[in-house]
Amino acid sequence: MAAATYAEAQPTATAYSEPARRMTLNSWAVVVVFLPPALLLFTVFVFLPIAEAGWYGFFNWNGYGRPEKFIGLKNYGYLFGNPTFTRSLINNGIIIVFSLLVQLPLALAVAVMIAGRLVGAVWFRMIFFLPYVLADVAAGLIWHFMFDGDYGLVGAVTTAFGAPPYFLLADKTWAFSAVLIVVLWKYFGFHMMLYIAGLQGIDPALLEAAEMDGASPFQRFWHITLPLLGPMIRLSVFFSVIGALQLFDIIVPLTGGGPFETTNTMVSFLYFFGLTRMRIGFSSAVGVVLFIICVTFAFGYQRIVMRDD
Amino acid sequence: MTEAADAIRSSGRRPGGLAAIVTFAALVVLAGAVLFPVLATALNGFKDLSELRTNPFGLPHVWMWSNYWSILTGYRYWQVLGNSLLIALFTVALTLIVSSMAAFTFAHLRFFGDKFLLSYIQLGLLFPVATAIVPLFIKIRDLGLLDSYWGVILPQVAFSLAMSVLLIRNAFKQLPSELLDAAMMDGCGYFRYFIYVTLPLSGPILSTVAVISFVGSWNGYLLPLIVLNSESRYPWTLGLMAYQGQYMTSWQLVLAFITLTILPAIIMFLMAQRYIVAGLTAGAVKA
């Protein structure tokens, strides 16, 4: 900000846009020394791989030698003809819908409850945020135990009712709900924290004024809190969608994609069906699909939904 | 401090009312539900397998300290934690160095292509590491970095650059420009200005970036999974999965191992709660 104002105040005409200061030998030295490490790392490990994914996706390649068997768009054809992949795609969609309809409203409700000057608010915040700092792998494994039909919570419940043991994680109709529960458990605290930060930025005078004018608590929430929280909600929707699209770490320890490959996500599909079998072209195509979805969403969302934030 | 004060104030304030009690009760139930799996994991690590089956959620009748003890006295646990720590520390250090240097350049210098290069690096904000994981694997292999710590560290740094350069650059730009003017006037070059003025004044943003990259690296799974083959180099996330694979039928040992491996994160979180929460959320909000 400061640099920009400075530049505007100095209408020096050079070939470059808005020079804050004239480039000297010293400043060129900074550019030459400070920039290359970041550019190099980014190019080698981020930019090239994503570009290469686009290239490899056209080949039938097992990763050895150079990719030579050009097969055009066939990998993409295989992909969308593969019921396990379409199931993964749908699963990612289910996580997104579930996050938007269940996780974020819950996070918002809890944030509002805690923000209302409650005894022990600090403790509640800490407890709800705790799962977020634990690794997804550990979370997945903990819940694998919880859902175990012989030992865990589910086992205890069925035993208490004298019912035969029930293995949720082996039930191909319901196993994916286990993934949703873990996602909810692990991530709602993060979104709650975003909302709390947003709530703290709201001027209490607004709410008090509305209260004095006779607005009910619900009206105050609906007409004041919610609109003012808008930017934060849009942000948390963004994170929750991007997070849902790349979900992987929870799947492996929890279900491993099973039973009958009903609980894969795009990334776990990419891993189990592409990478571990060294089908490099095929799994690159999965990466490209994921990339297109992420970038389209990120661009579109930032242009359309977050343009005012 | 302020939060504690708030709690004290609030306890006297407000005519309690049914709504407040219901709210409080709901939160207690929810907190119990959130903590339950973690507590159950820790407690069940103290049982033997037969008790785990008959009494999965009570306190252990017999406390089997040996479950924990055997892990703590073994080599494996310390090795995976050590590997994770090593990878995370190098990732944090390299992220801070590389991104603060780049951020400094982007914050203060206008040169041909500066905007282009900044947008180039910020492309990284648009997609997660998983999208490029396959060619990344090939790249790491071709560079001869497979099964090495650097094969994990360098891509982790690279993928966090977009976010960290952006965060640090924004903070650098907010330092008063008079400082730079005065320093230049006194004949201080950019390099010395960076080291003696910019960095010392940027503690908060650097610690935010450090927290984000440390937690990301410590909890990372996908990248080490594709890069590392030797168990001796596994970070704890991979070590945990390997342990579970080996002791699949002994849940009590797996639970004890989970408890011990998540313990450092929990302790760190309890000790530096404010910084971690602020770092992880502020990072998300500011970028």
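Analyst: Welcome! Helices (H or I, at least four residues) and strands (E, at least two) are DSSP runs, numbered from the N terminus. This is a predicted model, in which local features need pLDDT of at least 70, side-chain atom pairs count only at pLDDT 80 or more, and totals for chains, interfaces and linings use all residues. Residues are numbered from 1 along each chain as its sequence is written, while chains are lettered from A and ligands numbered from 1 in the order in which they are written.

User: Is A:V157 buried, partly exposed or exposed?
Analyst: A:V157 is found in helix 7 (residues 153–160) of chain A. A residue is buried if 20 or more other C-beta atoms, placed from the backbone, lie within 10 Å of its own, exposed if 12 or fewer, and partly exposed in between. A:V157 has 14 other C-beta atoms within 10 Å, so it counts as partly exposed.

User: How many residues of helix 6 of chain A are buried?
Analyst: Helix 6 of chain A spans residues 136–146 and is mostly covered. Its buried residues include A:W143, A:H144 and A:F145. The count of buried residues in helix 6 of chain A is 11 of 11.

User: Is A:F260 buried or exposed?
Analyst: A:F260 sits in the loop between helix 12 (251–254) and helix 13 (266–275) of chain A. Although it is not a glycine, A:F260 has a positive phi of about 55°. Because A:F260 has 11 C-beta neighbours inside 10 Å, it counts as exposed.

User: What is the phi of A:M278?
Analyst: Look for A:M278 in the loop between helix 13 and helix 14 (280–305) of chain A. A:M278 has 14 other C-beta atoms within 10 Å, so it is partly exposed. Most residues other than glycine have a negative phi. A:M278 is a residue other than glycine with a positive phi, near 55°.

User: How are helix 5 and helix 8 of chain B oriented to each other?
Analyst: The axes of helix 5 (residues 75–108) and helix 8 (residues 149–174) of chain B come within 7 Å and cross at roughly 40°. Axes are lines fitted to C-alpha atoms, for helices over the stretch in contact, and angles run from 0 to 180 degrees between N-to-C directions. Angles under 35 degrees count as roughly parallel, over 145 as roughly antiparallel, 65 to 115 as roughly perpendicular and the rest as oblique. Helix 5 of chain B and helix 8 of chain B are therefore oblique.

User: What is the orientation of helix 13 of chain B to helix 14 of chain B?
Analyst: Helix 13 (residues 236–246) and helix 14 (residues 251–271) of chain B pack at an angle of about 175°, with their axes 10 Å apart. This makes helix 13 of chain B, relative to helix 14 of chain B, roughly antiparallel.

User: How far apart are the C-alpha centres of domain 1 of chain B and domain 2 of chain B?
Analyst: Chain B is divided into domain 1 (17–63) and domain 2 (70–286), with bounds from an automatic or database domain assignment. The C-alpha centres of these domains of chain B are separated by 34 Å.

User: Which helix gives the largest share of the side of chain B that touches chain A?
Analyst: Two residues are in contact if their C-beta atoms, placed from the backbone, lie within 7 Å. The contact takes 84 residues from chain B and 84 residues from chain A. On the side of chain B that touches chain A, the largest share is 10 residues, from helix 2 of chain B.
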